[in-house]
Protein chains: 2
Amino acid sequence: MRQLVIISGASGGFGRAFALSISNNKIPLFPLSNTKYVLLGRNIQSTNETKELLLNQQDGCEDQVSVMQMDLSNVDNVKNQTKDLLDKYNGVYDRVLLLNNAGDIGELKYVHELSEDLNLVQDHMTVNVTSCFIINSLFLDTFKSIDKIIVNVSSLLSTVPMSCWSLYCTSKSARKMMHEVIAREHKEKLRVLNYQPGPLEGTNITQKIKTSGMSDEETQKAFSNMTYISTSDSADKLCKILSDDTFENGSSIDYFDE
Amino acid sequence: MRQLVIISGASGGFGRAFALSISNNKIPLFPLSNTKYVLLGRNIQSTNETKELLLNQQDGCEDQVSVMQMDLSNVDNVKNQTKDLLDKYNGVYDRVLLLNNAGDIGELKYVHELSEDLNLVQDHMTVNVTSCFIINSLFLDTFKSIDKIIVNVSSLLSTVPMSCWSLYCTSKSARKMMHEVIAREHKEKLRVLNYQPGPLEGTNITQKIKTSGMSDEETQKAFSNMTYISTSDSADKLCKILSDDTFENGSSIDYFDE
């Protein structure tokens with residue numbers, strides 16, 4: 001079986017952890033030996049580091065992992081690059097997994113404070129919602145007849161509104177629903193999961209949470225006192241869920257769920 | 001008490017029905033006599049018709065109702081026009097209501113079919129999510145110290161995924177969450193409601209549902225057999241909810257709820 005794994009936001013954090021975990025899992029769903037990995041990232045240097053880690057972990061060959069620089073804030077680029085990518089791999093694989101991981105946290109301000117720079121709103125929706133939608137649409141159109149898995153990296157905040165998190169809550173809610181509709185549209189050859197990885201240590205998001213000084217004291221306090229989990233623990237949990245393969249299509253599962 | 005009511009998507013359908021209902025309600029919350037109405041619409045001619053209906057209904061004066069042409073697909077225009085509008089009315093009123101009604105239904109196709117014209121995705125998110133966010137942000141920043149009401153025209157599809165409705169479901173889910181966060185950020189001087197008006201007769205959306213021929217037969221059948229309700233009945237119900245003023249801040253209420 002020839003397999004393809006595409007990971008967005010693979011330059012670090014959860015995307016990198018997932019690449020390392022899914023390729024090397026106890027139950028090897030996507031071992032490097034029969035899987036092509038495509039790592040998408042805005043920062044090409046960091047994404048190449050993920051590639052090196054992946055190859056070193058399994059003594060893989062150079063051409064088993066491809067890296068593509070992709071800036072999700074440019075819709076035309078996302079469209080053209082994704083088309084080129086998928087055309088190249090169309091008809092070659094028997095099974096394919098897409099991890100929609102890339103995303104931006106957005107400014108941690110009150111909605112009225114965001115009026116100071118409203119371009120942020122458009123940028124945030126483009127990166128987190130529109131680009132993800134475009135990638136999904138092209139992915140589903142390309143791989144109609146083979147087995148597919150789509151995992152959306154979701155968040156508890158897709159359903160829980162929180163002060164100063166309007167951009168993030170709004171886009172995560174949109175993405176959750178987007179994947180629920182996709183699950184409903186495909187009764188066969190597609191598994192869809194909204195995975196909530198929990199509050200992760202050592203990601204760009206954690207860094208921003210800790211340093212940004214939210215206007216809302218209560219929220220800032222909640223995040224400052226939170227226990228963060230490692231990206232590899234959370235990625236392992238996701239691999240276990242995919243391996244068990246008993247989740248309801250389109251459902252949301254949190255790291256902390258039993 | 002001097003009041004201001006701003007209605008987006010006021011060229012017809014629910015926007016028009018709400019303008020006529022809220023100004024003329026049994027319990028007159030926003031009578032024309034002490035309320036300035038600002039009607040926003042893409043189609044200036046139809047929006048002017050709403051103005052005429054509103055004035056005729058209550059023998060109002062020309063300057064009690066303003067009409068502004070606003071195309072929500074152009075973010076820069078939305079930003080600049082909304083700023084100009086709000087600057088003009090800042091400091092003049094004691095209470096203000098914003099009805100976020102404008103919205104586009106989007107193409108009723110499967111997600112993979114939307115790959116044929118991906119520009120639709122960006123346009124849809126801009127009109128339905130980004131522009132609404134921008135208007136809310138500027139509105140909240142301008143009217144910090146006075147009593148405010150924001151009503152989002154939501155939909156059952158903000159929480160129920162449906163085949164061929166990915167754009168609509170995604171953007172309605174985003175908007176619901178956006179208004180939930182806003183409600184959470186403001187403990188005082190703001191009431192926020194997500195109102196689900198039900199399936200409405202005689203709107204652009206109804207027209208499109210009936211004529212578009214969705215790829216998904218099951219969904220098409222469900223919508224073809226649906227009982228549609230009048231925009232004025234639904235607008236009256238919303239006015240009753242606002243008049244009773246007992247709803248939980250940020251909650252979602254459907255036309256069919258008790």
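Predicted model: local features only at pLDDT ≥ 70, side-chain atom pairs only at ≥ 80, totals over all residues.
Student: What does chain A have in the way of helices and strands?

Tutor: Chain A has 8 helices and 7 strands.

Student: Which radius of gyration would a compact globule of 258 residues have, and what does chain A have?

Tutor: The rule puts a compact globule with 258 residues near 18 Å, and chain A has 18 Å, so the two agree. Along its principal axes, the C-alpha trace spans about 50 × 35 × 35 Å.

Student: How much of chain A is buried?

Tutor: Buried residues are 52% of the 258 in chain A.

Student: And what share of the contacts comes from residues 24 or more positions apart?

Tutor: Taking the contacts in chain A with a separation of 6 or more, 78% are between residues 24 or more positions apart.

Student: Let's pick one helix, α8 of chain A. What span should its 14 residues have?

Tutor: Helix α8 of chain A covers residues 231-244, and at 1.5 Å a residue it should span 20 Å.

Student: Which of the α8(A) residues are buried?

Tutor: A:Thr231, A:Ser234, A:Ala235, A:Lys237, A:Leu238, A:Cys239 and A:Leu242.

Student: What do those buried residues pack against?

Tutor: Against α1 (13-22), β5 (147-153) and β6 (190-196) of chain A.

Student: What happens just after α8(A)?

Tutor: A:Asp245 follows, with a positive phi of about 55°.

Student: Switching to the pair. How many residues of chain B are in contact with chain A?

Tutor: 38 residues of chain B contact 38 residues of chain A. On the chain B side, α3 (75-89), α4 (119-142) and α5 (166-185) each supply at least two residues.

Student: Which one gives the most?

Tutor: α5(B), with 13 residues. By class, the side of chain B that touches chain A has 21 nonpolar, 12 polar and 5 charged residues.

Student: What rotation superposes chain B on chain A?

Tutor: A rotation of 180°, with 0.0 Å of shift along its axis and an RMSD of 0.0 Å. The two copies are therefore related as by a two-fold rotation axis.

Student: How much of the chain B contact set recurs in chain A?

Tutor: 100% of the contact residues of chain B recur there, so to speak the same surface serves both copies.

Student: Which residue of chain B comes closest to the rotation axis?

Tutor: B:Ala174, whose C-alpha is at 2.3 Å from the axis.

Technical notes. Residues numbered from 1 in each chain as written. Chains lettered and ligands numbered in written order. Contact = placed C-beta atoms within 7 Å. Helix = DSSP H or I, 4+ residues; strand = E, 2+ residues; numbered from the N terminus. Nonpolar A, V, L, I, M, F, W, Y, C, P; charged D, E, K, R; others polar. Least-squares fit on C-alpha atoms with pLDDT ≥ 70 in both. Rg over C-alpha atoms; globule rule 2.2 N^0.38 Å. Buried ≥ 20, exposed ≤ 12 C-beta atoms within 10 Å, placed from the backbone. Expected span 1.5 Å × (residues − 1).
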